[in-house]
Amino acid sequence: VQDGSIGINFKIDGSDGGSNSGQMKGRAFLVNMLKQEIFDPTRINTTKVLSNPSDYGLSNAKNYRIPTEGGSMGAWHIWPEESGKTTLDQLGRKDVLIVYMHGQYDTRGYEKRLNTYRRLHKMKFHVLTFDYRGYGDSSDVDLSEDTVVTDGIHVLKWLSTHLKNNRNCSTELPKVLIWGHSLGSGISALSLYKWENFIEKDLTVCGLVLEAPFNNMFQQVLRTIAPYGASLPLNILTRFIIRKANTEFRTDAHLPQIFAPTLILHAEDDERIPAKLGQKLYDSALMGGKRNIKLNLYPAELSYGHSGLYQVPELRREIRLLWQSAAKQLKETT
């Protein structure tokens, strides 16, 4: 893995020629191997201190600890360099905060993520980025879909204590959006789906950006281990292993029910998660009745790849349109 993307690189063999006990051990091995491929918190640079953002060239950032189930997470608030608002409590009507949920690899300090943060704060957006438990300087945990989604929800819960009574996307209040990249697209969509279904919440998310997303983990794994098609037994075994590993990430099942306007960004030269999976996610959302969704596919000749979409020239306008659309929706439903 070179760019924090989802790269599944293993071969599934459903038979071991042994007893039931041997088969169970073989499947347990596959479950563990799959989880290690999906979640890779290995740090490239261990000399830098995550609690000190200036080690990563971010003088305009503050470190936080965000409480979560059974521990806490390391996080950074990064503000525009010319902004005098250096705490979340200071955000006002003209401010936009993007909650960034990263992909499978490394930490919030990974260099390619830093490029995204820099572009966003140059566009005068605030950024809140964090490491799930099991990553970086966050608490240890046996990683799974449940743990990372729980962490995403706790970030929103914590944020709601700093942006009190932020229940709509009015021009009179700071706007909060979620940005999920790669594996983070699945985490962000599931986190937001659950957040929106809480009966009592003090924070409304005004938009969801899914950068280089997949539609579900089964499709992402299958296109890697069987790019030319899979037999029925392999299909069945793959679904079983993914379910047992608690890594289904069925974004396509939840996205149609998400209220927030959604923007999908995908590059046609993405070799980690093919653009056709982003297209499938978009199509399934439309079929499920979601209308406040947009798909932007970028030609291969632009060379954005899997982690370069922060370079899109019209990005600021696209993000602004998201929260403006949310404000209009909320006004129409109240």
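Phe130, Tyr132 and Tyr135 form a cluster, linked by ring pairs. Keep in mind that this is a predicted model. Across the whole structure, the search finds nine aromatic pairs. Take tyrosine 132 and tyrosine 135: their ring centres lie 5.7 Å apart and their planes meet at 75°, so this pair is edge-to-face. The cut-off here is over 60 degrees between the planes. Are these two tyrosines buried or exposed? Tyrosine 132 is buried, at 1% relative accessible area. Tyrosine 135 is buried too, at 0%.

Rings also meet charges here. Lysine 175 sits over the face of tryptophan 323, with 4.5 Å to the ring centre. Arginine 239 sits over the face of phenylalanine 218, and there the figure is 3.7 Å from the ring centre.

Now the strands. Look at strand 6, residues 207-211. How much of strand 6 is covered? Five of its five residues are buried. As a general point, side chains in a regular strand alternate between the two faces of the sheet. In strand 6, one side carries Gly207, Val209 and Glu211, and the other carries Leu208 and Leu210. Both faces are covered.

Strand 6 has partners. Strand 5, residues 175-181, pairs with strand 6 in the parallel sense, over five bridges.

Serine 182 lies in the loop between strand 5 and helix 4, which covers 183-196. Serine 182 is not a glycine, yet its phi is positive, about 60°. Serine 182 is also buried, with a relative accessible area of 0%.

Alanine 212 lies in the loop between strand 6 and helix 5, which covers 217-225. Again, not a glycine, and again a positive phi, about 55° for alanine 212. Where does alanine 212 fall, buried or exposed? Buried, at 0% relative accessible area.

On to the largest pocket. In general, a probe the size of a water molecule, rolled over the atoms, shows where empty space is left. How much space lies in the largest pocket? About 240 Å³. Its lining has 16 residues. Nearest the centre of the pocket are Lys94, Asp95, Val96, Lys124 and Arg316.

Last stop, the surface. Methionine 287 is in helix 8, residues 275-287. Buried or exposed, then, for methionine 287? Relative accessibility is 76%, so methionine 287 counts as exposed; the cut-off is over 50%. One distance to go with that. Methionine 287 and glutamate 248 are 39 residues apart in sequence. In space, C-alpha to C-alpha, methionine 287 and glutamate 248 are 21 Å apart.

How values were computed:
Residues numbered from 1 in each chain as written. Predicted model: local features only at pLDDT ≥ 70, side-chain atom pairs only at ≥ 80, totals over all residues. Heavy atoms only, no water. Buried < 20%, exposed > 50% of the residue type's maximum accessible area, 1.4 Å probe, protein only. Helix = DSSP H or I, 4+ residues; strand = E, 2+ residues; numbered from the N terminus. Pairing = 2+ DSSP bridges. 1 Å grid on protein atoms, 1.4 Å probe; cavity = no way out; pocket = protein on both sides within 12 Å on 5 of 7 lines; lining within 4 Å. Points joined across faces, edges and corners; volume = space filled by probe spheres on them. Phe/Tyr/Trp six-rings, centres within 6.5 Å; stacked < 30°, edge-to-face > 60°. Lys NZ or Arg CZ within 6 Å of the ring centre and 35° of its normal.
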